[in-house]
Amino acid sequence: MTALLEAEGIAKHYPVRQGLIRAKTVGTVRAVDGVSFSVRKGETLALVGESGCGKSTTARLVLRLIEPSAGHVRFDGVDITTLDRAALRAFRRRAQIVFQDPYASLNPRFTVAETLREPLEVHGIGDGRSRKARVEELLSLVGLAPYHAARYGHEFSGGQRQRIGIARALAAGPDLVVCDEPVSALDVSIQAQVVNLLRDLQRRLGLAYLFIAHDLAVVKHVADRVAVMYLGRIVEVAEKNELFRNPRHPYTRALLAAIPHPDPARRGRIVPLGGDLPSPLNPPSGCRFRTRCPFAQEICAKEDPALEDGVACHFRDELPPAGLDFSGGLAPNAARRLALFAEAGRRQGTP
Amino acid sequence: MTTATEAPRKPSVLRMLLRDVGGTISLVLVVLILLVALVAPWISPRDPYETDLLAIMQPPNEIYWLGTDGQGRDILARMLYGLRVTLAMGLASLIIGGVIGAVVGFCAAFYRRADGTLMRLMDILLSFPAILFGLALAAIFGPGETSVVIALSIATIPLMARIVRGSALVVMGLDYIEAARAIGMSDARLIWRHLAPNCLSAIFVFSTLRLGQVILLGSALSFLGLGAQPPLAELGAMAAQGRNFLFIAPHISVIPSVGIFVIVLAFNLLGDALRDALDPRLRI
C-alpha cells in the first residue's frame, strides 16, 4: 500500500498583530502545529477532534487552499507546497473537497449543470457535448436525475445539495476527496444516505477520503483509520477498530467516554474532562493535553511527547487499560443511527 | 429515492418592487424620466435656444406651457433638453466612478494584502467634499461638464469601493468561493463568475441611490457656475439663471428646481425599494 497523501509536520500559524502604523506581532495562533499523517490509495482516514482543534485548517492545508507556515504535503510523491501555478492546477484536478454547509457551498446564481460543468471547463476536459454527457453521468452517480441539471441550488433540499457538492468534487475525476464534516449539517436520516453514498463512490471509483468529523458514530461507520486531533496536534492514530477497542491516549479515552453509555454499570469509570480547550494563542508547555489530563506528571509540563507508535503520550505504555470496551456498546442513540445507516445502505443497494 | 419536489420559484425582483407603493411610484417615475430624456428632441415644442425678446419672463400660459425665461426662451423645451444634460452628467460620473470604485473594492476584498493600502487611499478621497473637487477641477480645467463629471466620478470612487469591498468580503467567506479555488480556476474567472455576480444587488442599490445624489451635486455645481455654461440648457444652470428674477418671475428658478427635486426623489425612492426587493430575507 503506497501513501497517496503524506503530510509531514505541517503547521499553520496566524500572527496576531497590534498597532496602527507599524504593526507588531504580539502573538501567534498555532491553529495547526506540526501534524503528520498519511492517506493510502482508496482508504478513509478520519480526522476527529473537538471544534477549534484545527481539523478544518488541516483539510485546507493538504489541499493548499491556505499556505502552510511549515512542513510539507506530498501527493503521489510530489511535494505540493512548492508547486508552481500550472502544476498546482494539475494537482487540483486530482484532489477535491466537499464542504460542511450545503447551503453555502453552491453558487446561488449557477444551475446545477453550470456548477458541474465548471471543473471540466477549467481543466479543459472534453468538448460541449461530452461535458453535457459527463454532467448527466455525475448526476446519476450521486443519485440525482438528469432533469435536475437545469435547476438552481436553492430548489434542492440539504441532502440533495450535498449530493451536488459531491458531484462537483468528482467532476474532474479526483483520487482524493477531502470531506470537511460532510454530513454534520444534515438530518440524521439524510446523513445515512450521504454517508452510504460516499462509501459506495469510494468502492466504485477507488477514492481516498480524508474525512473530517466530530461525530464518532459517523466515523465508526466510514473510517478505515482514525487520527485524533487536540489543539493543533495529532495525539493518536490507529486502525478504527483498534482505536474503538483500545484507546491509548487519555484524550481519546475521554472522547470515547463522552459517548453516553447504555449500561449504567459501565458508566462513570472515566472521569469526564474538566476545563476548557486551552487557547491556541498560548498553548500549554510540554504536552498540550496536560492541563486536562488525569495522568499528568511533572515531565508532561517539560517535554513535548512525540507521536510514536501511534500515540503522543509520555506514559503510552504505562497507563492503566482503558477498562471500557467502546467497540460494542454505543449509546442507544448512536446505535440506532448505526442501524439506520446499515439499513439505508441495504435499501439503497448499488444504484 | 430522491423525489424531486417542485420548489416554488423565487418571485422576480420586478414583482417584489411592484408589491411596494413607493417602489411602483418610483419605478414609473424613473422610467418616465428616462423616456422623456430619450425622446426630448421629438417631443420638444420648439428650439430651447431660440430667444423671443417680445415674450420674456412670461408665466406659464397656453403658448409656453411652462413660461419663458429672461431671454424669452421656452422653459419646457429647455427643461426637456436640460434633463438630458443633467442625466448624462449624472450617469457618466456614476459609471466612471462606479466602475473604478468597484474594481478597487473587489481587489481590496480579494487581495487582502492590498486591502489596507487601498482602503486608506479611499479614506483620503472620502475626506474631500465633492463640491471641493468641483471647485478645484474648475480652477484647473475651467468650468464645464467635463470638470463636473471628473469631480463627481472621483467623489463616487471611494463610496462604491467601500460598498463593494463590504459585500465582496461577505461572499469571500462562503464555501462556494473556496470550492471554486479548489477547482483551480484563475483569479480573474473566480472574481468575474463567482464573486462579482453575487455582489450585484448591493451595487445596483447603491448605484440607484448614488445617481440621485450625483444629479443633485451636478446641478449644485452648475448652479454655482462651475458646471454647464450658458446658454447650455441644464437644470442647475437654469435655476441659477432665474435667481435674479426670483421676485419678478419665480417660475424661471422654481420649475427647474422642482424638476431636480422630482428626479432625485424618484431615484432615491427606487433605491430604497430596490434594497427591500433584493433583500433575500424578505423573499417568500
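This tour moves through the structure stop by stop, saying what to select and what is there.

**Before you start**

The model is predicted: local features are given only at pLDDT of at least 70 and side-chain atom pairs only at pLDDT 80 or more, while totals for chains, interfaces and linings use all residues. Residues are numbered from 1 along each chain as its sequence is written, and chains are lettered from A and ligands numbered from 1 in the order in which they are written.

**Stop 1: chain A as a whole**

Select chain A. It holds 11 helices and 10 strands. Helices (H or I, at least four residues) and strands (E, at least two) are DSSP runs, numbered from the N terminus. The C-alpha trace spans about 70 × 60 × 40 Å along its principal axes.

Buried residues make up 45% of the 351 residues in chain A. A residue is buried if 20 or more other C-beta atoms lie within 10 Å of its own, exposed if 12 or fewer, and partly exposed in between, with C-beta atoms placed from the backbone. Now consider contacts: two residues are in contact if their C-beta atoms, placed from the backbone, lie within 7 Å. Among contacts in chain A between residues at least 6 apart in sequence, 68% join residues at least 24 apart.

**Stop 2: an open sheet in chain A**

Select β1, β2, β4 and β5 of chain A. These 4 strands form an open, antiparallel sheet in the order β2-β1-β4-β5. Two strands pair if DSSP finds at least two bridges between them. At the edges are β2 (24-40) and β5 (78-79) of chain A, each pairing on one side only.

Zoom in on β1 (residues 3-18) and β4 (residues 70-75) of chain A. They run antiparallel and are joined by 5 bridges. Pick A11(A): its bridge partner in β4(A) is A70(A).

**Stop 3: strand β7 of chain A**

Select residues 176-180 of chain A. This is β7(A), and 5 of its 5 residues are buried, so the strand is largely enclosed by the rest of the structure. Show the side chains. L176(A), V178(A) and D180(A) point one way; V177(A) and C179(A) point the other way.

Which strands pair with β7(A)? One is β6 (residues 95-98) of chain A, parallel over 4 bridges. There I97(A) stands opposite V178(A). Another is β8 (residues 208-213) of chain A, parallel over 5 bridges. In β8(A), Y209(A) is the bridge partner of V177(A). Trace the chain from β7(A) through helix α6 (residues 188-205) of chain A to β8(A): this β-α-β crossover is right-handed. Right-handed means that, with the strands pointing away from the viewer, the path from the first strand over the helix to the second runs clockwise.

**Stop 4: the nonpolar core**

Select A46(A), A167(A), L210(A), F211(A), V228(A) and I234(A). Of the 178 residues in the largest nonpolar core, these touch the most other members. The largest share of this core, 16 residues, comes from α3(B). A nonpolar core is a set of buried Ala, Val, Leu, Ile, Met, Phe, Trp, Tyr and Cys residues joined through C-beta atoms within 7 Å.

Center on F211(A). Leaving out residues up to four places away in sequence, F211(A) touches T44(A), L45(A), A46(A), L47(A), C179(A), V222(A) and A223(A).

**Stop 5: where the chains meet**

Show both chains. The contact takes 17 residues from chain B and 27 residues from chain A. On the chain B side, helix α7 (residues 175-183) gives the largest share, 7 residues. That side divides into 10 nonpolar, 4 polar and 3 charged residues. Here Ala, Val, Leu, Ile, Met, Phe, Trp, Tyr, Cys and Pro count as nonpolar, Asp, Glu, Lys and Arg as charged, and the others, Gly among them, as polar.

**Stop 6: helix α3 of chain B**

Select I96(B), in helix α3 (residues 75-110) of chain B. I96(B) is partly exposed, with 17 other C-beta atoms within 10 Å. Draw a distance to E50(B), 46 residues away along the chain: the C-alpha atoms are separated by 34 Å.

**Stop 7: backbone exceptions**

Most residues other than glycine have a negative phi, and most peptide bonds are trans.

- L231(A) has a positive phi, near 50 degrees. L231(A) lies in the loop between β9 (225-230) and β10 (233-239) of chain A, and is buried, with 24 other C-beta atoms within 10 Å.
- D309(A) has a positive phi, near 55 degrees. D309(A) sits in the loop between α10 (298-302) and α11 (332-348) of chain A, and counts as partly exposed, with 13 C-beta neighbours inside 10 Å.
- The peptide bond from P230(B) to P231(B) is cis, with omega near 10 degrees. P231(B) lies in the loop between α9 (200-223) and α10 (235-242) of chain B.
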